[in-house]
Amino acid sequence: MLFSSNDDRLHKDFFVKMISKILKDNQLVINRKKLRRGQKKIVLNGYVISNHISLSRNKLKKVNSILYSFENIKGKKLEPKNFLEFYSRLSSNRSIFPDSSLTIEKKYDILFNYLAGYRSYLLSFSKEKHKDTCVDYSGKIKKLEYVLSKLNKWA
């Protein structure tokens, strides 16, 4: 549950006690280890909520490293010539390819689906109705689309 208000009573112990009572009446309890209070900014499930809603650095870290690996090798701007070269740049990234025994086709599918899913996720932020409240990820979306187009050519 996330509660947000300009009212200071939200940060008082009384508020938590009242929520606890309501939950207890429904046989639920607050996990006090997960209780967060913040003013001006809160990080929740990979989102940073302040004046604008954005994604946390940790949420973007994986996709940023993939995009960097696509655009650079050893600090120099240079795109890979094919999927095998791109994969070799990413092979140290165990969070994407945890099983090294996967076939190259399977690795391609995993990477393509991962990037396509992330593109869709970022597009949900970019809708016209969210422009006033969400950070603009259009640059990152364009980079993802470019990498996906290259992957399509290499398929």
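## An exposed loop residue

Lys74 is exposed, with a relative accessible area of 81%. Here exposed means over 50% relative accessible area, buried means under 20%, and partly exposed lies in between, with a 1.4 Å probe and protein chains only. Lys74 sits in the loop between β4 (72-73) and β5 (76-77). Its phi is near 50°, a positive value in a residue other than glycine. Helices (H or I, at least four residues) and strands (E, at least two) are DSSP runs, numbered from the N terminus.

This is a predicted model, in which local features need pLDDT of at least 70 and side-chain atom pairs count only at pLDDT 80 or more, while totals for chains, interfaces and linings use all residues. Residues are numbered from 1 along each chain as its sequence is written, and side-chain values use heavy atoms, with hydrogens and water left out.

Gln27 belongs to the loop between α1 and β1 (42-44). At 70% relative accessibility, Gln27 counts as exposed.

Ser20 lies in helix α1 (residues 13-25). Is Ser20 buried or exposed? Ser20 counts as buried, at 19% relative accessibility. Apart from neighbours within four places in sequence, Ser20 is in contact (heavy atoms within 4.5 Å) with Ile30 and Arg32.

## Aromatic pairs

A pair of aromatic rings is described by the distance of the centres and the angle of the planes. Rings of Phe, Tyr and Trp (its six-membered ring) pair if their centres lie within 6.5 Å; planes under 30 degrees apart count as stacked, over 60 as edge-to-face and the rest as tilted. The structure holds nine aromatic pairs. One of them joins Phe70 and Phe86, with 5.2 Å centre to centre and 85° between the planes, which is edge-to-face. This pair links distant parts of the chain: Phe70 is in helix α2 (residues 57-71) and Phe86 is in helix α3 (residues 83-90), 16 residues apart. Phe70 is buried, with a relative accessible area of 2%, and Phe86 is buried, with a relative accessible area of 0%.

Phe83 and Tyr108 form another edge-to-face pair, with 5.3 Å centre to centre and 75° between the planes. This pair too links distant parts of the chain, with Phe83 in helix α3 and Tyr108 in helix α4 (residues 104-125), 25 residues apart. Both Phe83 and Tyr108 are buried. Phe70 and Phe86 also belong to one aromatic cluster together with Tyr146 and Trp154.

## Salt bridges

Side chains of opposite charge can pair when their charged atoms come close. A salt bridge is a side-chain nitrogen of Lys or Arg within 4 Å of a carboxyl oxygen of Asp or Glu. How many salt bridges does the structure hold? There are four. In one of them, Glu71 pairs with Lys143, the closest N and O atoms being 3.7 Å apart. The two residues lie in distant parts of the chain, Glu71 in helix α2 and Lys143 in helix α5 (residues 138-154), 72 residues apart. Lys143 is partly exposed, with a relative accessible area of 40%.

Arg89 and Glu85 meet in a salt bridge at 3.1 Å, N to O. They are separated by about one helical turn because they are four residues apart in helix α3. Arg89 is buried, with a relative accessible area of 13%, whereas Glu85 is partly exposed, with a relative accessible area of 22%. The side chains of Arg119 and Glu145 also form a salt bridge (2.9 Å, N to O). That pair links distant parts of the chain, with Arg119 in helix α4 and Glu145 in helix α5, 26 residues apart. Arg119 counts as partly exposed at 25% relative accessibility, and Glu145 counts as partly exposed at 33%.

## The nonpolar core

In soluble globular proteins, nonpolar side chains tend to be buried together. A nonpolar core is a set of buried Ala, Val, Leu, Ile, Met, Phe, Trp, Tyr and Cys residues joined through side-chain atoms within 4.5 Å. The largest nonpolar core has 24 residues, of which Phe86, Leu111, Leu115, Leu122 and Leu151 touch the most other members. The elements giving two or more residues to this core are α2, α3, α4 and α5. Its largest share, six residues, comes from α4.

Leaving aside neighbours within four places in sequence, Leu115 is in contact with Val63, Ile66, Leu144, Val147, Leu148 and Leu151.
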